[in-house]
Amino acid sequence: MSILLDNQFKELPPDKSVDTKSFLDAVSHLPPFFDCFGSAVFYVIKSDISGNITKIRKVYDKDPAKYVTLQDIVEDERETYGAEWPKVGATLALMWLKRGLRFIQILLQSLADGERDENKPNSIQVNVTKAYENALKRYHGWMVQKTFQMALLAAPYRTNFIKALSKGEEVKEEDCLANVRQFLVNFTATVDAIYEMYTNLNAELDYTV
Ligand code: EIS
C-alpha cells in the first residue's frame, strides 16, 4: 500500500477551516518517512518538522474544545501574546511547518507531472530544487542554504524514492504516481488554506534563519 494514501488529509469543509485534530494526525505520519533516507542531514529536517508538530499539539491538548480549528489557535494566540505575536507559540511553529509542507507538495506535484532532467532521468534533484526555490530558499541565509546543498546531494534516486512512498514494495512507477496525485488533492487544499489564513490574519513573517 502507499504510505501517502494510508494517511490522507481530510477534505476541507466549504469555509476551508482546517480541523486541528485531523491535521495533526495526518501530518504526524510524515516525519517517520525521513528515516528511510539514511543521511544525517535528514535527521535535522525531521527534528525541525517534528518540533513544530509537537508544539502545535501541546497547545491543542490544553483545550481541544477551544482549539477545534487551526485558526482558533492562531487567533487565540494573537490575543494572548500581544506584541510578541506572530513570532511565538504554535503560530510560529505552524508558520514554519506550512513551508515544509509546501516544499513536500511542490516536490510531489513535480514528480507527478513527470518533470525530469533528461540527462539524469533517475535523479530527483530538479524536482527538489524547484520545491526548495519556491517554498524555502527566501527564508534561508547562506548557512542553511549550504545545508540544503548537502541534502540535495544526499537526495535518493527517483526509483528508490518512489519505492519508499510505496513502503518498500515493488510497484509500477505509474501506479505510485497515481497514488501521489490522489494524495495531493486534499493535501494541497489544506496547505493552501493555511497559507490563506496566514495572509488574512496578517500572521506571515519573512525573516531569514
Ligand atoms: C524554525 O526553523 C523552527 O521550525 C521553529 C522556530 O524555532 C523558528 C525560529 O526562527 O525556526 O532553521 C530551520 C528552519 N526550518 C527554521 C532549518 C532547518 C534545516 C533546513 C535544512 C534545509 C532543508 C532543505 C530541504 C531539502 C530536502 C531534500 C529532500 C530530498 C528528498 C520528502 C522530503 C521532504 C523534505 C521536507 C523538507 C522540509 C524542510 C523544512 C525546513 C523548515 C525550516 O526551514 S518552533 O520552531 O516554532 O516549532 O519552535
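Thr 69 is buried, with a relative accessible area of 15%; buried means under 20% relative accessible area, with a 1.4 Å probe and protein chains only. This is a predicted model, in which local features need pLDDT of at least 70, side-chain atom pairs count only at pLDDT 80 or more, and totals for chains, interfaces and linings use all residues. Residues are numbered from 1 along each chain as its sequence is written, and side-chain values use heavy atoms, with hydrogens and water left out.

Thr 69 lies in the loop between helix 2 (41-62) and helix 3; helices are DSSP runs (H or I, at least four residues) numbered from the N terminus. Apart from neighbours within four places in sequence, Thr 69 is in contact (heavy atoms within 4.5 Å) with Ser 17, Val 18, Asp 19 and Thr 20. Arg 158, in helix 7 (residues 158-165), is also in contact with residues beyond four places in sequence, including Leu 111, Glu 115, Asn 127 and Glu 173.

| Residue | Relative accessible area |
|---|---|
| Thr 69 | 15% |
| Arg 158 | 2% |

The axes of helix 3 (residues 70-81) and helix 8 (residues 173-200) come within 11 Å and cross at roughly 25°; axes are lines fitted to C-alpha atoms over the stretch in contact, and angles run from 0 to 180 degrees between N-to-C directions. The two helices are therefore roughly parallel to each other, a term for angles under 35 degrees. Leu 70, Gln 71 and Val 74 of helix 3 make the contact with Ile 194, Met 197 and Tyr 198 of helix 8.

Notes: Angles under 35 degrees count as roughly parallel, over 145 as roughly antiparallel, 65 to 115 as roughly perpendicular and the rest as oblique. Buried means under 20% relative accessible area, exposed over 50%, partly exposed in between (1.4 Å probe, protein chains only).
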